[in-house]
Amino acid sequence: MSARVLVGVKRVIDYAVKIRVKPDNTGVVTDGVKHSMNPFCEIAVEEAVKLKEKKLIKEVVAVSCGPQQAQETIRTALAMGADRGIHVEVSGKDYDNLGPLQVSKILAALAKKEETSLIILGKQAIDDDCNQTGQMTAALLDWPQGTFASEVVLEGDKVKVIREIDGGLETVRLKMPAVITADLRLNTPRYATLPNIMKAKKKKIDVVKPGELGVDLTSHLEVLRVDEPPQRQAGMKVETVEELISRLKEAGRM
Amino acid sequence: AVLHVVDRFDDGSLCLVVLQLCLQCSPAVAMLDRVPSALGVPPLGLVALRLSRGIHGRGDQTNHAAGNRVPCRFPFSRVSKQDLAFFENLLPGRTIVDPDVLMTHNVDWMKSVRGSSELLLRPQTTEEVSKILKYCCERRLAVNPQGGNTGLVGGSVPVYDEIILSTSLMNQILSFDQVSGIITCQAGCVLENLSNYLEERDFIMPLDLGAKGSCQIGGNVATNAGGLRLLRYGSLRGTVLGLEVVLASGKILNFLTALRKDNTGYDLKQLFIGSEGTLGIITAVSILCPRRPRAVNVAFLGCSSYKKLLETFQCCRGMLGEILSAFEFLDSACMKLLEKHLKLINPIAENSFYIVIETAGSNADHDKEKLHNFLEAVMASFLVTDGTVATEDAKIKALWSIRERVTEALTHDGYTYKYDISLPLEKIYQLVEDMREYLGDKAKNVVGYGHVGDGNLHLNITSHSKDQALQEAIEPYVYEWTARYRGSISAEHGLGLKKRNYIHFSKHPEAVALMKDIKHMLDPHRILNPYKTLPDQG
């Protein structure tokens, strides 16, 4: 099957970095802070590359929306085995307001343009934790969706997805084209090896503007304020059960 | 005739006692003493003697076994009720006699040696340390200074009933100068805590080692610890600017200057750096710290031969020189142990040798370009067959843990015999190969890893359980091998208890004699960390 897979990769603040809120409470500090590929997007790329290695799909295209630096994230995906990249250039105010709705419009437009059979995304990004882009993209395209995937099996023109849900595991069978979002246990992303890192430098990254795709980036959301979570108060140690009871009474808890 | 000391049993429950007559021993050593047992078995008097011929101490095979036998107890006083009362008065609540607490302080990290101290002291200030030592000096009580207790040569725990003086409560940072990068702190500061403190202020410690979560800076200085960053920032002998030391007499010596350059008289701090607690107790340190690098990259490479590894090193020096901050290696035997015991995944294809290269610089773009040029060069010339690169914190930690956790993996493989050797670079792996061939089936695994960029090999040999025959096969063969190529039998771990008698493999007798003179001058009653560092004889 000459299937093409589109994988979305988001550039986020590296998960090991300590987040600091800007003094004006409009957002978090991103200048000079280490960024990397969203861990769930890594898992998505790995799954796509695995499918390609099994010769079940023909081409893996990595997509990222953002300023110039988004190309680094695409390069990482290329180093992991993606064939080519598409950088949707969004910067400045537009980038600040870029949320799941805008990204899913972009992905939907690209999916149609690139004749895609499968879109694989991370289940959520670790900066906003929205968990909406995959679902919205499927809705805009009117495609079936298999979210929180912990296993993906291609079966002809259908794809079987085992989903992680609160009660356990749910198996769904989707007719392609479809949207899948990757959960933690789907796979362990590979290290990009040197030969592939070298090859990746030569792979193509096309730059596209959202306007060319006919996408309107207006946001209907306004971030009013960003605050740090309240500082955790120190606990109190007591020596005896009697003391515990009297302290609880004092605090009005009993 | 020489009468051997019979070995201490594994679990420390009995130490058969020594009567040692030797042509070169002084009569003072030939003294009978009783050794209390950790399990409450009544002390024994003279029990066994073993006769053998030969000259004591100098690499004679028959007597060599004496090299790592337990020395006889020096005639120190024993802790009395009055002593306890004095300490309790001086350090209320910090004078510990609880046997459970003492147990952990009596045993080293590798669980290979155990002492029988019954008293642990936890001073908080230099004054308290001074009063303790003054008293112990007058009372002729032996003292074992102890920091994080992470040493690997049995130097940090008592041999007999020495009082343990722990610096754990001396953990205050005294000052930090943001402009010069000089930090002054007490000796009990844990290395990782200092690192965290400095990183918040955009600096880093000049040294880094696997034990950072537990080791204390006083101990690091006392053992002249090396570690993973020595290649870039040099040794503590260069980065330590000043010390505060308490001598055996209790006298406080303060040369805690925070000056980069000071050529006024003999540089006394160099005496105490690396003295392993035998010349004085370090109570405070001032260290010059480098700026935190803006860009850190780690590359994990695979080589098919040691020769290619060395050529990669040369290429690395040439193309990455000023940003290179670490060059470490491990062999495929290490990788197999990591996979087997810790379930770590090899990030690249299987190879004979693995290299960890770290670069640290001020500009991410420049460093990335330099690193990529280097990687292209070594791949194109087939010096390196495979590899991966990391810039993100999480991946960097993952790649480093492959090198840092080898020690841990070895502990799961059985009993480990550890050797920390300095050799000319070309010879390093030859030692591992020779040992493998020489020991054959006697050993379970023979692995090599370490700071190859510094010419420092960690040779480790495992067996299913403690094996005297294996140890006798390894030693002194490994030391003789090292001496033949003018290497060091202890590159960074020090001598402690386990290697004290092998000093002559790397130092001339005149040098050792001068060391003994200095020891005698600074600690005439030998109360500081006895039985360690300097050889029993010669």
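Begin by selecting residues 25-217 of chain A, which an unreviewed UniProt entry annotates as "domain: Electron transfer flavoprotein alpha/beta-subunit N-terminal"; such annotations, with shortened feature names and positions in the numbering used here, may be inferred rather than shown by experiment. The model is predicted: local features need pLDDT of at least 70, side-chain atom pairs count only at pLDDT 80 or more, and totals for chains, interfaces and linings use all residues. Residues are numbered from 1 along each chain as its sequence is written, chains are lettered from A and ligands numbered from 1 in the order written, and side-chain values use heavy atoms, without hydrogens and water.

Within this span, 32% is helix and 30% strand (DSSP runs, at least four residues for helices, H or I, and at least two for strands, E, numbered from the N terminus). Its end C-alpha atoms lie 24 Å apart.

Next, display the contact with chain B (heavy atoms within 4.5 Å): 16 residues of chain A meet 20 residues of chain B. About 1,500 Å² is buried between the two chains, 64% of it from carbon and sulfur atoms (accessible area, 1.4 Å probe, lost on being put together, summed over both parts). Select A:Tyr191, A:Leu194 and A:Met198, which supply 41% of the area that chain A buries against chain B, more than any other three residues.

Then select A:Lys201 and B:Glu376, a salt bridge whose closest N and O atoms are 3.4 Å apart (side-chain nitrogen of Lys or Arg within 4 Å of a carboxyl oxygen of Asp or Glu). The interface holds two salt bridges by this rule.

Finally, colour helix H6 (194-202) and strand E3 (35-37) of chain A, the elements giving two or more residues to the side touching chain B. H6(A) provides the largest share, five residues.
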